[in-house]
Amino acid sequence: MTFVEFNYYIGDIIKYAQLIEHDIRYIFAGLAQGDFKENLELVFSNRITLGEVVKRLEILDHSDNEHFFSEADYKYLRQITGKRNHYVHEAYLNFIYIKDFEHSKEFELEAKKLEEDHLKLVKLSRIVEENRIKALRIYNRV
């Protein structure tokens, strides 16, 4: 991977993390009891984090036998904030000050991790979007 490609993938990771966070909040607001608009206001306010929304969504999702997400999906959903923060605040610092960093082991490790996370986020984003549409239709929220 080149540095230009690395930069592209970082941007894509941030995009997919935002899309997933948005859709997870909508799914939760749709499944939660009460007024949908009030639920949306709650989950989009700064009072509730993505991690908390994921925890609450998992409880709601497992309240019957029809689950929107697998255990593997929830495991990765719980990691998204940390992954996003890593790429926003740390990834570049792990190699950028190394002379000829594109040929360094540190860059290679970050690039490999980035490719793996990108692939997972692309797949998860599709699953989350499909489930947002499904959940909002089932619960008549659209």
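These legends walk you through several close-up views of a predicted model.

View 1. Let's start with H2, which spans residues 36-44. Which of its residues are buried? They are Phe36, Asn39, Leu40 and Val43. These residues sit on the same side of H2 because they cover an arc of only 100° around the axis. Here's the general idea: an α-helix has 3.6 residues a turn, so residues three or four places apart point the same way. Now look at the face turned away from the buried side of H2, and you'll find the exposed residues Lys37, Glu38 and Glu41. The cover over the buried residues of H2 includes helix H1 (3-31), helix H3 (50-61) and helix H6 (105-138). Zoom in on the start of H2 as well: a side-chain oxygen of aspartate 35 comes within 3.2 Å of the backbone nitrogen of lysine 37.

View 2. Phenylalanine 3 and phenylalanine 95 are one of 14 aromatic pairs in the model. Their ring centres are 6.3 Å apart with 85° between the planes, an edge-to-face pair. Phenylalanine 3 belongs to helix H1 and phenylalanine 95 to the loop between H5 and H6, so the pair ties together parts that are 92 residues apart in sequence.

**View 3. The neighbouring rings.** Phenylalanine 95 also pairs with phenylalanine 101: the centres are 5.2 Å apart and the planes meet at 40°, so this pair is tilted. Phenylalanine 101 is buried too, with 16% relative accessibility. Follow the ring pairs along and you get a cluster of Phe3, Phe6, Tyr92, Phe95, Phe101 and Phe107.

**View 4. Charges over rings.** Here are two spots where a charged side chain meets a ring. The charged end of lysine 15 sits over the ring of tyrosine 16, 4.5 Å from its centre. Arginine 25 lies over the face of phenylalanine 44, at 5.9 Å from the ring centre.

View 5. The model holds ten salt bridges. In one of them, the side chains of arginine 132 and aspartate 23 meet at 2.8 Å, N to O. Arginine 132 is in helix H6 and aspartate 23 in helix H1, 109 residues apart, so to speak a link between distant parts of the chain.

View 6. Arginine 56 and glutamate 52 meet in a salt bridge at 3.1 Å, N to O. Both lie in helix H3, four residues apart, about one turn of the helix. Arginine 56 is partly exposed at 34% relative accessible area, and glutamate 52 is partly exposed at 28%. Helix H6 has glutamate 116 and lysine 112, also four residues apart, whose side chains meet at 3.7 Å, N to O.

View 7. Arginine 84 is in helix H5 (residues 80-89) and is buried at 18% relative accessible area. Beyond its neighbours within four places in sequence, arginine 84 touches Ala17 and Glu21. Serine 125 lies in helix H6 and is buried at 9%. What does serine 125 contact, leaving aside its neighbours within four places in sequence? Tyr16, Leu19 and Ile20.

Definitions and conventions:
Residues numbered from 1 in each chain as written. Predicted model: local features only at pLDDT ≥ 70, side-chain atom pairs only at ≥ 80, totals over all residues. Heavy atoms only, no water. Buried < 20%, exposed > 50% of the residue type's maximum accessible area, 1.4 Å probe, protein only. Helix = DSSP H or I, 4+ residues; strand = E, 2+ residues; numbered from the N terminus. Arc of directions from axis to C-beta. Contact = heavy atoms within 4.5 Å. Polar contact = N/O pair within 3.5 Å; in protein donor to acceptor, adjacent residues only side chain to side chain. Phe/Tyr/Trp six-rings, centres within 6.5 Å; stacked < 30°, edge-to-face > 60°. Lys NZ or Arg CZ within 6 Å of the ring centre and 35° of its normal. Salt bridge = Lys/Arg side-chain N within 4 Å of Asp/Glu carboxyl O.
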